[in-house]
Structure formats: structure tokens, C-alpha cells
Amino acid sequence: MKKGIHPEYHEITVTMTDGTSFKTKSTWGKAGDTLRLDIDPKTHPAWTGVHRLSDLGGQLAKFNKKFKGLEIKK
């Protein structure tokens, strides 16, 4: 490996959304830093299979308003 061109690889702590944590090696942050996750496999719909639509006045509401009277004809 060439010296001086690779990021530092060090140990950090990763804290999950439920408060549990584990140590891993990463190039993120500095040695000893804590990475707090907003989304992880315990809460993300891709892993849990539970999809929640909690869009209040956002893109989903705009879509529903725009295509409110549209029906598919057979």
C-alpha cells in the first residue's frame, strides 16, 4: 500500500435506534467516536416488512390530491 493516500482505519462505537451499541472498525470520524443511527435494520421497513405512510401534507398528499378522480377503466 502507498503511504499517505488511504484514510485512517480505527475503532468506533455504533449506537442503534433502540440504544444498543457495538464496536467496529471504520474510516468514519475519529478513533473513539460514536455513530448514532437514525434508521437501522430494527426500524427500517425494508427489513421489518412494516410500511407506514405518515406523510402529512407532503408528497403523498399532493399525489392523492392531483389524481383524486382518476380511475382505471377495464
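Is Phe67 buried, partly exposed or exposed, and what is its relative accessibility? In this predicted model, Phe67 has a relative accessibility of 35% and therefore counts as partly exposed, since the class of partly exposed residues lies between the buried ones, under 20%, and the exposed ones, over 50%. The paragraphs below begin with the chain as a whole and come back to Phe67 at the end.

**The chain as a whole**

Of its 74 residues, 12% count as buried, and the chain exposes about 7,000 Å², of which carbon and sulfur atoms supply 56%. Among the contacts in the chain with a separation of 6 or more, 8% are accounted for by residues 24 or more positions apart.

**The sheet**

The 3 strands form an open sheet in the order β2-β1-β3, with mixed pairing. Because β2 (21-26) and β3 (34-36) stand at the edges and each has a single partner strand, one side of each is left without a neighbour in the sheet. From one strand to the next, the twist averages 35°.

Strand β1 covers residues 10-15 and is joined to β3 by 3 bridges, the two strands running parallel; here Thr13 has Thr34 of β3 as its bridge partner. Between β1 and β2 there are 6 bridges, and these two strands run antiparallel, with His10 standing opposite Ser26 in β2. The strands β1 and β2 also form a hairpin with 5 residues between them, and in its turn Gly19 has a positive phi of about 100°.

**Two residues of strand β1**

Thr15 has its place in strand β1, and with a relative accessibility of 13% it counts as buried. When its neighbours within four places in sequence are left aside, Thr15 is in contact with Thr20, Ser21, Thr34, Leu35, Arg36 and Leu37.

Glu11 also lies in strand β1, but at 42% relative accessibility Glu11 counts as partly exposed. Not counting residues up to four places away in sequence, Glu11 touches Lys23, Thr24, Lys25, Ala31 and Gly32. From Glu11 to Thr27 the C-alpha to C-alpha distance is 8.5 Å, while the two residues are 16 residues apart in sequence.

The structure holds 1 salt bridge, in which the side chains of Asp18 and Lys42 meet at 2.9 Å, N to O. Asp18 lies in the loop between β1 and β2, and Lys42 in the loop between β3 and α1 (45-48), so the pair ties together parts that are 24 residues apart in sequence.

The table sets out the accessibility of residues discussed in this report.

| Residue | Relative accessibility | Class |
|---|---|---|
| Thr15 | 13% | buried |
| Glu11 | 42% | partly exposed |
| Asp18 | 46% | partly exposed |
| Lys42 | 46% | partly exposed |
| Phe67 | 35% | partly exposed |

**The aromatic pair**

A search of the whole structure finds 1 aromatic pair. The rings of Phe63 and Phe67 have their centres 4.9 Å apart and their planes at 50°, so the pair is tilted; an angle under 30 degrees would have counted as stacked, and one over 60 as edge-to-face. Phe67, the residue of the opening question, is thus a member of this pair, and at 35% relative accessibility Phe67 counts as partly exposed.

Technical notes: Residues numbered from 1 in each chain as written. Predicted model: local features only at pLDDT ≥ 70, side-chain atom pairs only at ≥ 80, totals over all residues. Heavy atoms only, no water. Pairing = 2+ DSSP bridges. Helix = DSSP H or I, 4+ residues; strand = E, 2+ residues; numbered from the N terminus. Axes fitted to C-alpha atoms, helices over the stretch in contact; angles between N-to-C directions. Phe/Tyr/Trp six-rings, centres within 6.5 Å; stacked < 30°, edge-to-face > 60°. Buried < 20%, exposed > 50% of the residue type's maximum accessible area, 1.4 Å probe, protein only. Contact = heavy atoms within 4.5 Å. Areas by Shrake-Rupley, 256 points an atom, 1.4 Å probe, with all protein chains shown as cover. Salt bridge = Lys/Arg side-chain N within 4 Å of Asp/Glu carboxyl O.
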